[in-house]
Amino acid sequence: MGIKMKTFQMLILTLVLLLVGCSESGIVERTQSIMDTFVKISVVPPNSDQTKVEKAIQEAFDRMRRVDTLMSTYKKNSEISELNRQGNITDPSKETSDVIQRAIEFSKISGGAFDITIRPLVEMWNEAKELKRLPSESKIKETLSLVGYDKIAFQKGGIYFKREGMKIDLGGIAKGYAVDKAVEALKEEGVAQALVNAGGDMYCLGKEWKVGIQHPRKKNELVEILRLKNKAVATSGDYRRYFTMEGKRFSHIIDPRTGRTVEEVPMSVTIVASDCTTADALSTAVFVLGPNKGMDLIEREDGIEGLIISEGGKVFVSSGMGDFIADYKENKS
Ligand code: AMP
Ligand code: MG
C-alpha cells in the first residue's frame, strides 16, 4: 500500500510578523541572512555619526552569527554538534551554557512541554518523512527513552548527557537568544532606538514600534497590530514548516511527552516578553500545550502575555495583552 507523502518546506521568506510603518524617514535598515532566515535590523540614528550606526549594526549581526556558529545542528563544528556526537563537552562557551540552562528552566515551568532533548525524535520524524512510513509504537517508545531535560548534567563547567545517544536541538530557542545578543551589542554601541527582526522573532528597543501579527492562513492579512516598546515578541505557527502524510498534517513541533508531532495544534502562538529568548521558547511551549493549558502557563508567568489563534480561527488573548494591541475593537470591524 503506497503512502502518499508530500513535504512542504515552506521558506520563511514571508516574515511571520510583518513590520508595519517602517517607512519613517531617517531609519537605517540592514538585512542579512543568518540562521536560515532574513534578519533585519532597523536603527533610528542619533544625530551623530552615521558610521557609528553602521558599526553597531555590523557588531549586532556578528554576535548573531556567533550564536549560529556555536549552536547550529547543521554545522558539524558547532559546540552543539560536538556535544551531540560525544555526549559531553568539557569547555562550552558561556553562550551555549546560558542557553541550555535557560532552556531547562523553560522545561520546568512548562511541565516538560518545552524540551531541547527532543533531537532524537526530530531525527526519527525526519526519517519517517524520507521513508514515507510512520514510526512504529516501539520505535517511538525506544526513542522517547533518550528524551528528558533532567538527563542533562552540568559538572565542573562542562555539559554531559546521562544517557548514550541523547542529542539536543536549540531550534526552539536559539533564534530568540540571538536577537537578545544583537540588542545587547546595539546598546553597547550606543544605539537607543532599534528593531531587530529575525524572521518574526523580534525585539523593539527604545521607542514604540508597530508590529503586525500575520493571519496564519491568509498571507496578506494581519490579525492584530501590536505596539511594543522595550519588549520582545515571537510567534510559533503551524503554517511555517510542516509535512503531510496520508492526508494528515504533521507539525515541526514535537510533544516530548508522547514523542509525536503536535496534532491538536493552535494555528499560531504569539508571545510578548521582556526578552526574546523567553518569547521564543514559550511560543514553542504554548504551541505544544494548546490553547487552554498554554493560556494557563502565560497567565501563571509574570511579565508574559500572549495571543493564540486556534484551529477554526478562534482567538485567545491573555489578560494583559490588550495593553499592547493597537485599536483592538476598531480593528475587528
Ligand atoms: P519554533 O518555530 O520557535 O516554535 O521552534 C520549532 C523548533 O524547535 C523545531 O524545528 C525543533 O527544532 C524545535 N522543537 C520542536 N519541538 C520542540 C519542543 N517540544 N521543545 C523544544 N524545542 C522543540
Ligand atoms: Mg520558539
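Student: Which residues coordinate the magnesium ion (ligand 2)?

Tutor: In this predicted model, the donor atoms are Gly 172 (O), Asp 280 (O), Asp 280 (OD) and Thr 284 (OG1).

Student: What makes these atoms count as donors of the magnesium ion (ligand 2)?

Tutor: A donor is an N, O or S atom within 2.8 Å of the metal. The atoms listed lie at 2.1 to 2.7 Å, so they meet that cut-off.

Student: How are the donor residues spaced in sequence?

Tutor: Their spacing is G-x107-D-x3-T. Asp 280 and Thr 284 are 4 residues apart in helix α7, about one turn of the helix. Both of these residues are buried, a term that requires under 20% relative accessible area.

Student: Why is the pair formed by Ile 254 and ligand 1 called a polar contact?

Tutor: A polar contact needs a pair of N or O atoms within 3.5 Å. A polar backbone atom of Ile 254 is 2.7 Å from a nitrogen atom of ligand 1, so the pair qualifies. For His 252, a polar side-chain atom lies 3.3 Å from an oxygen atom of ligand 1, and therefore this pair qualifies too. Of the accessible area that ligand 1 has on its own, 510 Å², the protein covers 94%.

Student: Which helix gives the most to the shell around ligand 1?

Tutor: Helix α7, residues 276-300, does, with 3 residues. The shell as a whole comprises 7 nonpolar, 5 polar and 4 charged residues.

Definitions and conventions: Residues numbered from 1 in each chain as written. Chains lettered and ligands numbered in written order. Predicted model: local features only at pLDDT ≥ 70, side-chain atom pairs only at ≥ 80, totals over all residues. Heavy atoms only, no water. Polar contact = N/O pair within 3.5 Å; in protein donor to acceptor, adjacent residues only side chain to side chain. Areas by Shrake-Rupley, 256 points an atom, 1.4 Å probe, with all protein chains shown as cover. Helix = DSSP H or I, 4+ residues; strand = E, 2+ residues; numbered from the N terminus. Nonpolar A, V, L, I, M, F, W, Y, C, P; charged D, E, K, R; others polar. Donors = N, O, S within 2.8 Å, 3.2 Å for Na, K, Ca; no water. Buried < 20%, exposed > 50% of the residue type's maximum accessible area, 1.4 Å probe, protein only.
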